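Here is a brief report on how two chains meet and what lies inside them. Look at the structure first, then read on.

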Amino acid sequence: MASAIVVRDLTKHYGRKVAIQKLNFEVQPGHIVGFLGPNGAGKSTTLRILCGLIPASSGYVYIHGLPITTQVKQIKQSMGYMPENNPLPEDMRVEEYLKLRARIKQIPHRLLKTCVWDALERCDLHRIAAKKMIGALSKGFKQRVGIAEALLGQPKVIILDEPTIGLDPHQILGIRDLLKKLRGETTVVFSSHILPEVEAACTHLIILNQGQIVANDTSENLRKQYFRTTRYEVTIVDKDGHFSEHLSHAPFKLCLKKSIAQGDQRMTYTVETESTEEWAESQLTRWIFENNWPLIQFVKKEPDLESLFLKLTSVAWKKMDSERL
Amino acid sequence: MNTVLTLLASECKKMLYHASTYFITALFLTLMGFNYLYILFFYSRNTMEISTLQSFFCIFWLPTLCIIPLLTMKSFAEERRLGLLESLLSTPVSVHSLVIGKFLSIYGLYVVLWALSLIFPYFANYWLQQDLGAPLVTMQVLFGGSIFIAITSFLFISLGLFASSLTKSQTVASLLCFGFLFTCFTGFRTLSEYTRFQEWGIYVDFFRTLEDLCNGIFDLRPCLFFTLVGVLILALTAIAVEQKSLR
């Protein structure tokens, strides 16, 4: 299948400062891709180039096969964009604003009402908010209006710059559900600082640091790639407290990281294996049963995205620092 | 073309709902009303060669310097500050359509304001014609003055939009616009009177052009000059908007 977005050697300079440098990535149709990175990593610059707002210093961007340098008008017609901070006119009503944007997006007059209503419904704005002034809406509803605007006319690609910024957990959940609904039918690229949020909504992650891509894969693959060990939390009844001593006799390498006494001779041990494969888990449980430790709880501790993000960005920082030196 | 009309309709609607439009209208009419009143008082004590209506048009510089900065300062500066311009430019709208849409809405309002201000000479004519024995409003001066206002407003509003496209601050935009307009008045005047370009400089003298038009002389050269400079400034505005948004 042809990629929805193809980026090749994309570079952007602001004077002498390099904002992004030789970015290469592809986004498949229907995928939801999360752009992650610390402040100043180049996320917004990349997104603004992708939607034709600013030109790149060098490199190529193709949206559904169309080069952005020459076909920017056609690309803008098939794209929805929500800028950072979601600027909206406060003195317009939601429905009125969306109708205006639909007209500007050159949606045929006969489809205008349906399109606006569809966007309102998708973003759950059709019940109360549609007739309200934008200025009177809460931050969450304003974000929804921004997303509804991006959804107008069912664009093939939607780019959202920090859609969940400043929202409370309930509102974030709402936006996440909305993004999930779009999975498979629209290509969505969005940037965020809220890591669990990105992981929950995205099929793919692109992590940027200092204008370069440091990771580009699914969160699962990235974990496998960057975390060579797996942690398990084992709660057992350990009468003699010999579990830690027996670890060295295990048929595979186990490393005790933490032990917490839970009372009533119950202990919770955090152990680490050097393998990330499934068999390590079954071998560990078998070994516990073979040694007759009454198992109360067995939890596989997945490394969270935050650890991954910190690991990747700190690696990149160190690499860049050493290059400078 | 459709996009321009959509943007124009949106801008007009925005103006209609905004309190500042009514404040500017009130300010303009008050200014022009008092000016006309002063002209009538002055004419009642002095003998003048030109009609009261021509004098009324002759003070065009006052509303130009006071009202045009107020009308244009918001157009691009405020939208850029709020980020609305970026959001708008992510749609298939061209910068030229945007500039034309904004220009036409402000131009339309300014022309309507002038048309409304003609109520003063009209009523004065209605009440005083019998006492004076001669009309205060003649069609020749009315048409000449109106053409002059229509042509020069084109240039002045272009300058205002250009000033607004250069900055994010409304205050700076209005001050810049005032500066541009003031330079335009004094510059063209200097050019026509004191420099060695006097021969062709007289064609760019606003007051002379107004006088000619009110006397029924339609010289295409100054009219063409003002219009072309206006178009050029609008093109520069489009470039400024595009370049500033590309950062």
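## Where the chains meet

In this predicted model, 21 residues of chain B are in contact with 24 residues of chain A. The size of an interface is often given as the accessible area lost when the parts come together. Here, about 1900 Å² is buried between chain B and chain A. Carbon and sulfur atoms give 61% of that area.

Polar and charged pairs also span the interface. The rule finds six residue pairs in polar contact between chain B and chain A, both residues at pLDDT 80 or more. It also finds two salt bridges across this interface. One of the residue pairs joined by a salt bridge is B:E86 with A:R48, with their closest N and O atoms 3.0 Å apart.

Which helices of chain B each supply at least two residues of the side that touches chain A? They are α1 (2-17) and α6 (84-89). The largest share, six residues, comes from α1(B). By class, the side of chain B that touches chain A divides as follows.

| Class | Number on this side of chain B |
|---|---|
| Nonpolar | nine residues |
| Polar | nine residues |

## Inside the chains

The largest nonpolar core has 144 residues. A:I5 and B:F206 have the most contacts inside this core. Helix α9 (residues 139-165) of chain B gives the most to the core, with twelve residues.

Take A:I5 in detail. Leaving aside neighbours within four places in sequence, A:I5 is in contact with residues including A:F25, A:L50, A:Y62 and A:V189.

A second, separate core has 16 residues. Among them are A:V234, A:L247, A:M267 and A:I288.

Methods:
Residues numbered from 1 in each chain as written. Chains lettered and ligands numbered in written order. Predicted model: local features only at pLDDT ≥ 70, side-chain atom pairs only at ≥ 80, totals over all residues. Heavy atoms only, no water. Contact = heavy atoms within 4.5 Å. Buried area = accessible area lost by both parts, 1.4 Å probe. Salt bridge = Lys/Arg side-chain N within 4 Å of Asp/Glu carboxyl O. Polar contact = N/O pair within 3.5 Å; in protein donor to acceptor, adjacent residues only side chain to side chain. Helix = DSSP H or I, 4+ residues; strand = E, 2+ residues; numbered from the N terminus. Nonpolar A, V, L, I, M, F, W, Y, C, P; charged D, E, K, R; others polar. Core = buried A, V, L, I, M, F, W, Y, C linked by side-chain atoms within 4.5 Å. Buried < 20%, exposed > 50% of the residue type's maximum accessible area, 1.4 Å probe, protein only.
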